[in-house]
Amino acid sequence: IGPGDTPLSVLKRVFGYDAFRGDQAAVIDQVMAGGQAVVLMPTGGGKSLCYQVPALLRPGTGVVVSPLIALMEDQVEAVRQLGVRAAYLNSTQDAASRRQAEASLRAGQLDLLYVAPERLLTPGCLELLRSAPIALFAIDEAHCVSQWGHDFRPDYLGLGQLGQLWPEVPRLALTATATPATRQEIIDRLDLAAAKVFVSDFDRPNIFYRIEPKNQVKDQLLSFITSEHAGQTGIVYALARSTTETVAAYLADRGVTALAYHAGLSADERRRVQRRFLREDGVVVVATIAFGMGIDKPDVRFVAHIDLPKSVEGYYQETGRAGRDGEPAEAWMAYGLNDVVQLRRMIAESPADDLHRRLQTRLLDAMLALCETPGCRRQQLLAYFGQSMDTACGHCDTCQQPPQTWDGTIPAQKLLSTIVRLDRERHQRFGAGHLIDIVRGQQTARVAQYRHDQLTTFGLGADLSEPEWRAIVRQLLARGDLAILPGGHGVLGLTAASSAVLRGQTTVELRREVLIGRSRKTSRSAKTGAGATAAASSAPAATDLTAAEQERFERLRAWRAATAKDRGLPAYVVFHDSTLRALAQAEPRTIEELASISGIGAAKQAAYGEAVLAVLDPATTAVAEAEETVPAAEKSDAASAQGGTVEPAGQVDRPSQERG
Ligand code: ADP
Ligand code: ZN
């Protein structure tokens, strides 16, 4: 980097990109001019460049504060691959590597230093930073400073003092959580009143959003993965640790490379899972929310929720981990009555104070509204973040198949008046299951025990099936026409809104549930999907490639896998899929042509340029074809590295064929 360099020349030469995206250029200008910035960009929006480019251009070291200790090593490795001088300081590293990072900093040999907040705020570290010129402070995941948010980290509160300690150093706070309240907290607590605020468009157009009723969730998940995302990288989120383990085992038994991840695992085990996820192609991690914050693996093709997230913020952040490379990706969720009961109960029974409980209820209500909306999911999501969209997106489940609604007032009245009658007779209170048995007229042991067949509402709702009733109860809970009472096991009670329904003053408009039996499409592709799962290296959805381009893409992919393995790097650190695709399409013949491809900067051109040209050289194609076995050998390598979880295709096929 020399005096003649500009942000754009650095972008081109170091990162290999042609143009800045969105607010990047404006943020960089602000920081280059010595100002402060608050940057709100969706996950995958390109926050890193906002501090990496000015850190390279300004004298001194750019200090990046990040809570993502487990990932620092990978983050540092990724920028080193670009020729950037980077190091990190956190509690996981050994003394020697810490001393080396400190010495490099003192010697003025670092462009970027990643530091965990708890480490940064120690007297020793503050002292260390005073010994070297600082180019900027970048506070990543800045929403962690929000005490009322969904990701609070107490250490972040201490970061407010950086402004007093280094008044002349530009500071940026960056986050993907953009609600106006969080934004204000960031400004207040990080002492950024003077900052320029950059709010980008929060839409992630390449993500398809889908939320379906929960039924047999493991089956639903399996068919979602095998029929639409076989062999692809994905994250499955669940609430309970035990669920992550049973679901990962279930998937693994059926040929999906699936691993569980939760806070109860040892640090070593967690690191191992994270590493495999980052480095191998096509690993599915089934995790609690402890997984994935700041994981910038660009080629995650799907994020699935098998339990309801507690807030839209959390949901959007988690789903945002899909498709950072801009290629098609999917956010899928299965959601049912039990989710609502469980989360409402957790809030009702939480030891938090009233204010906090009200806040959590508000967060959950917004999440439920998203699940139940008959309108466009994306419009609803963006509206939550204060951004409006004039027309429906056309790229979500409700846009593609607008849900039918029906007037559920009468069934709702039957259910609510059952509760009224039980209350009147001072019966103990009951949960959804028993209430549904009553309205459906089921002669269960409990019905007999309490003589609930004597209630006037007994059997009045026999015209609807149990799943239909569960959908009704779920929607009444989501609408607030029913409540989960504290202190019990999900017992249902009335709310202020219930009486209006009972008196017929409001109509209860409900979504008609398409009960997901297995649709023809799903079961058919599930079969072929399982085969593709076994061959865990099938290409990610490459949308618009011709056959010849696809063939080159596959060759490049095989080369990338071998190269990444040789160098001990994650494949995407060598090149992103999007770069391979551009290479496959442009077919460069010379180094100059190659250099014009997005994602190939000077360092990568030097490291891989010749090799890529050789892979693309038509003269070597014949050789490559003769060596058809290369990718196959890759596969079996991958299989043995996976500890034998990938079984011979014959065995893998069976479970899904039975389902068909
Ligand atoms: P965030 O931190 O906001 O989630 P990243 O900084 O990880 O996003 O960027 C997401 C992806 O987009 C990365 O793979 C990055 O290399 C790529 N990217 C960022 N800015 C640009 C750009 N100007 N041109 C092309 N690709 C970019
Ligand atoms: Zn839509």
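Helix axes are lines fitted to C-alpha atoms over the stretch in contact, and angles run from 0 to 180 degrees between N-to-C directions. Helices (H or I, at least four residues) are DSSP runs, numbered from the N terminus. The structure is a predicted model, in which local features need pLDDT of at least 70, side-chain atom pairs count only at pLDDT 80 or more, and totals for chains, interfaces and linings use all residues. Residues are numbered from 1 along each chain as its sequence is written, chains are lettered from A and ligands numbered from 1 in the order in which they are written, and side-chain values use heavy atoms, with hydrogens and water left out.

Helix H14 (residues 337-348) packs against helix H15 (residues 354-372) at about 165°. Their axes lie 9 Å apart. H14 and H15 are therefore roughly antiparallel (angle over 145 degrees). H14 crosses H15 in a right-handed sense (the near helix is turned clockwise from the far one by less than a right angle).

Ligand 1 has 16 residues around it (a heavy atom within 4 Å). Tyr-17, Gly-44, Lys-47, Ser-48 and His-576 come nearest. The shell divides into 5 nonpolar, 7 polar and 4 charged residues, where Asp, Glu, Lys and Arg count as charged, Gly is among the polar ones, and Ala, Val, Leu, Ile, Met, Phe, Trp, Tyr, Cys and Pro are nonpolar. Helix H3 (residues 47-57) supplies the largest share of this shell, 3 residues.

Polar contacts (N or O pairs within 3.5 Å) reach oxygen atoms of ligand 1. A polar side-chain atom of Arg-21 lies at 3.2 Å. A backbone N or O atom of Gly-46 lies at 3.0 Å. For a polar backbone atom of Lys-47, the distance is 2.8 Å. Taken alone, ligand 1 exposes 570 Å², of which the protein buries 86% (Shrake-Rupley method, 1.4 Å probe).

Conventions:
Polar contact = N/O pair within 3.5 Å; in protein donor to acceptor, adjacent residues only side chain to side chain. Helix = DSSP H or I, 4+ residues; strand = E, 2+ residues; numbered from the N terminus. Parallel < 35°, antiparallel > 145°, perpendicular 65-115°, else oblique.
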